[in-house]
Amino acid sequence: MIEFEKFTLKNNLTVIVHQDKSTPLACLNLLFDVGARDEDESKTGFAHLFEHLMFGGSVNIPSYDEPLQLVGGENNAFTTNDITNYYCTVPAENIETAFWLESDRMLSLAFTEKSLEVQRSVVIEEFKQRYLNQPYGDVWLLLRPLAYKNHPYKWATIGKEISHIEDATMQDVKSFFKKHYSPANAILVVAGDVDPAKVKDLCEKWFAPIESIEKPRRNLPVEPKQTEPRRLTVERDVPANSIYKTYHMCSRKDPEYHTIDIISDILSRGNSSRLYKTLIKEKQLFTEISAYVQGDFDKGLFVISGKTPDGVTMEDAEKGIFEELEKMKTELVAEDELQKCKNKVESSVTFSETDVLTKATNLAISELLGDASLINQEIEKYAEVTREGIKQQANLLLDENNCSTLYYLAAKK
């Protein structure tokens with residue numbers, strides 16, 4: 001059970017405090033309710049570009065990293081299609097340094113041409129290195145627009161194309177900041193060896209003076225139900241053929257989410273999972289294979305992906321997947337197989353709660369999903385998954401009319 005206190009400042013910044021005296025550290029996690037799904041389709045990659053810009057210094061503090069390192073702190077951030085999350089850990093006695101740094105860049109980020117050019121170059125290089133010039137790097141640049149036709153999940157966090165980052169103007173950047181980087185659009189979690197009363201005082205001192213604007217209203221296009229299979233075949237200079245199958249599923253907020261997550265675990269979590277035992281060990285159709293959910297805040301994707309050995313055709317590999325999915329749809333999962341999966345989930349959730357940074361991030365995400373208390377209901381929700389529920393969801397989910405398939409082939413030399 002993770003205990004916490006929650007309050008809201010007058011500028012509508014939500015604050016959550018979790019005291020953990022077992023660690024000498026304190027973590028400050030600041031989540032902004034903005035991701036790649038909130039971008040204009042002609043100006044993508046901005047949420048991620050902004051993550052980089054936030055480390056370019058503020059008006060009052062030219063270097064973000066330096067003061068933090070001087071007090072023994074570390075920091076990082078990540079962007080998804082749903083959120084942008086910043087976090088830093090410091091020795092607990094130095095927590096005010098983190099408050100000073102985070103509040104100052106929320107208040108007055110330094111918008112300089114130099115910072116924009118530096119971070120623009122970093123992001124463009126990342127686009128090239130990680131997505132264009134790396135084996136299998138462009139998989140999601142191909143899969144997203146195949147699976148999504150309307151919803152902004154159809155582009156990756158890095159953006160649709162490099163030109164959107166190249167063409168980003170200072171005005172574009174300032175507008176994005178003004179719209180999304182406001183206290184009303186943020187959740188602050190402070191966790192670790194902290195005194196909740198002191199944290200309240202620090203919040204009032206550092207964050208309360210920041211003026212807030214109204215939280216932006218999200219009105220995203222809804223993805224229509226997919227009613228026929230979609231397929232794409234590409235050739236690339238890669239070492240092995242791969243297959244990717246994506247099925248539309250519910251959102252992270254929906255009640256059936258935990259059942260579908262368990263389906264992915266039964267299929268591919270560990271060496272005793274179905275896809276590993278049958279398709280890798282027995283039939284040797286794959287050298288590696290996985291099934292997973294993406295955990296998107298809007299309706300997301302259930303993904304099966306694998307690499308095949310030389311001599312195995314894509315058709316035979318895909319047939320092997322079909323046979324395993326058919327079993328999920330027609331037969332009830334054995335009680336002991338289900339319980340084994342639930343035990344693994346419980347141990348991984350419990351283990352994650354030993355790390356103060358993970359707790360801080362998960363509290364912020366839980367709050368954004370509806371309420372921070374959801375963090376304490378995860379194990380219970382997985383425990384409630386039934387064999388009948390798995391079979392029902394498998395039949396609704398694992399339908400070829402609901403599937404987009406990518407054959408990603410090694411180019412013949």
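In which sense do strand β3 and β6 pair, and over how many bridges? Let's work through that and a few other points together. Keep in mind that this is a predicted model.

1. **The opening question.** Strand β3, residues 25-32, pairs with β6 in the antiparallel sense, and 7 bridges link the two. If pairing is new to you, strands of a sheet are held to each other by backbone hydrogen bonds, and they may run parallel or antiparallel. To find one spot in this pairing, look for Leu31, which stands opposite Ile187 in β6.

2. **The other neighbour of β6.** Now turn to strand β2, residues 14-19. Its pairing with β6, residues 186-192, is parallel and has 6 bridges.

3. **The whole sheet.** Step back, and you will see 6 strands in an open sheet, ordered β1-β2-β6-β3-β5-β4, with mixed pairing. At the edges are β1 (5-8) and β4 (74-79), each of which pairs on one side only. From one strand to the next, the twist averages 15°.

4. **How covered is β6?** Of the 7 residues in β6, 7 are buried, so "buried" here means under 20% relative accessible area. In a regular strand, side chains alternate between the two faces of the sheet. Both faces of β6 are covered: Ala186, Leu188, Val190 and Gly192 are buried on one side, and Ile187, Val189 and Ala191 are buried on the other.

5. **A second sheet.** There is also an open sheet of 5 strands, in the order β7-β11-β8-β10-β9, again with mixed pairing. Its edge strands are β7 (230-236) and β9 (288-293), each pairing on one side only. The twist here averages 10° from one strand to the next. Within this sheet, β8 and strand β11 (residues 403-410) run antiparallel and are joined by 6 bridges.

6. **Arg252.** Is this residue buried or exposed? Arg252 sits in the loop between β8 (242-248) and α9 (257-268). Arg252 counts as buried because its relative accessibility is 19%, and the cut-off for buried is under 20%. Leaving aside residues up to four places away in sequence, Arg252 touches Tyr257, His258, Gly295, Asp296, Phe297, Leu369 and Glu378. With Glu378 there is a polar contact between the two side chains, at 3.0 Å. For a sense of distance, the C-alpha atoms of Arg252 and Ile289 are separated by 23 Å, and these residues are 37 apart along the chain.

7. **A pocket to look for.** Rolling a probe the size of a water molecule over the atoms shows where empty space is left. The second largest pocket holds about 460 Å³ of space. Its lining has 26 residues, and those nearest its centre are Asp38, Glu39, Asp40, Lys179 and His180. Helix α7 (residues 170-180) gives the largest share of the lining, 6 residues.

How values were computed
Residues are numbered from 1 along each chain as its sequence is written. This is a predicted model: local features need pLDDT of at least 70, side-chain atom pairs count only at pLDDT 80 or more; totals for chains, interfaces and linings use all residues. Side-chain values use heavy atoms; hydrogens and water are left out. Two strands pair if DSSP finds at least two bridges between them. Helices (H or I, at least four residues) and strands (E, at least two) are DSSP runs, numbered from the N terminus. Axes are lines fitted to C-alpha atoms, for helices over the stretch in contact, and angles run from 0 to 180 degrees between N-to-C directions. Buried means under 20% relative accessible area, exposed over 50%, partly exposed in between (1.4 Å probe, protein chains only). Contact means heavy atoms within 4.5 Å. A polar contact is a pair of N or O atoms within 3.5 Å; within protein, one must be able to donate a hydrogen and the other to accept it, and residues adjacent in sequence count only if both atoms are side-chain atoms. On a 1 Å grid over the protein atoms alone, a cavity is a set of points where a 1.4 Å probe fits but cannot get out, and a pocket is an open set with protein on both sides within 12 Å along at least five of seven lines; lining residues have an atom within 4 Å of a point. Grid points are joined across faces, edges and corners, and a volume is the space filled by probe spheres set on the points.
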